[in-house]
Amino acid sequence: MRIDAISIFPDFFQVLDISLLGKAQEQSLIQFKAHDLRTFTEDKHRTVDDTPFGGGAGMLMKPEPWGLALDSVLTENSVVIFPSPAGVPFKQATARELSSKEHLVFACGRYEGIDQRVLDYAQSRAEVREISLGDYVLNGGEVAAVAMIEAIARLIPGVIGNALSLDEESHSEGLLEYPSYTKPASWRGMDVPDVLLSGNHAEIAKWRKEQAMEKTRRIRPDLID
Ligand code: 6GU
């Protein structure tokens, strides 16, 4: 998969060079590049923002640098993602769906957002998604894009060593993950539940399912139909 990010702060994406995603890049499972939006400006001050027509607080990102930046990265098979608190909520199913795409472009806005014509233009050339991480406001799309890229990229075959762990984890079955324990069996007066030491795999599976149900009901009842 190829992933491009367009931003006035491309350094935000350096974290993708670390750990599993760094390794995935070295192995060419992912080809990632962050592009500095300011390199697509044509004025001396490298201006990316301007005041909104109709008035209102704050600055908007102006369309011309975005047009040139998109022109430089878009291909026949691109999906353009605009991270935005006004977008469709990002879910594990979103990550799963996007993990099968050939090329993702993350268009990361700052300030009060991007001129609407940039989204309309992108839509005329590619599949476009406006996606939100949740109901809170970040200063820009970069941190949200990094989170989405990690959630998407780890689902690409080969990126994670143990593919089995993908199936069992939180959210893949619509429930939160059950509690897990490792050695020692007793620590600071707290013992690992007996069933996990029993060697009875049917009982262990049953206990884990009950724990997952109980935890989900307690802290995320919205996930249970
Ligand atoms: Cl995707 N972007 C921004 N700027 N803020 C957010 C968000 C995204 N998701 C939640 N808050």
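**Pockets and ligand**

Modeller: In this predicted model, 27 residues line the largest pocket, and P83, S84, P85, G109 and G113 lie nearest its centre.

Biologist: Which element gives the most to the lining of the largest pocket?

Modeller: The elements that supply two or more residues to this lining are β5, α4 (116–125), β7 and α5. With 5 residues, the element that gives the most is β5.

Biologist: Where does the ligand sit?

Modeller: The shell around the ligand draws at least two residues from each of β5 (78–89), β7 (127–132) and α5 (141–153). The ligand sits in the largest pocket.

Biologist: Backbone atoms of L133 and G140 lie how far from a nitrogen atom of the ligand, and what is the distance for Y136?

Modeller: For G140, a backbone N or O atom is 3.4 Å from a ligand nitrogen. For L133 the distance is 2.9 Å. For Y136 it is 2.5 Å.

Biologist: How much of the ligand does the protein bury?

Modeller: Taken alone, the ligand exposes 290 Å². Of that area, the protein buries 96%.

Biologist: How many charged residues are in the shell around the ligand?

Modeller: The lining of the largest pocket has 15 nonpolar, 9 polar and 3 charged residues. The shell around the ligand has 9 nonpolar and 4 polar residues, and its charged residues number none.

Definitions and conventions:
Residues are numbered from 1 along each chain as its sequence is written. This is a predicted model: local features need pLDDT of at least 70, side-chain atom pairs count only at pLDDT 80 or more; totals for chains, interfaces and linings use all residues. Side-chain values use heavy atoms; hydrogens and water are left out. A polar contact is a pair of N or O atoms within 3.5 Å; within protein, one must be able to donate a hydrogen and the other to accept it, and residues adjacent in sequence count only if both atoms are side-chain atoms. Accessible areas come from the Shrake-Rupley method with a 1.4 Å probe; for residues, only the protein chains shown count as cover. On a 1 Å grid over the protein atoms alone, a cavity is a set of points where a 1.4 Å probe fits but cannot get out, and a pocket is an open set with protein on both sides within 12 Å along at least five of seven lines; lining residues have an atom within 4 Å of a point. A molecule sits in a cavity or pocket if more than half of its atoms lie within 2 Å of its grid points. Helices (H or I, at least four residues) and strands (E, at least two) are DSSP runs, numbered from the N terminus. Ala, Val, Leu, Ile, Met, Phe, Trp, Tyr, Cys and Pro count as nonpolar, Asp, Glu, Lys and Arg as charged, and the others, Gly among them, as polar.
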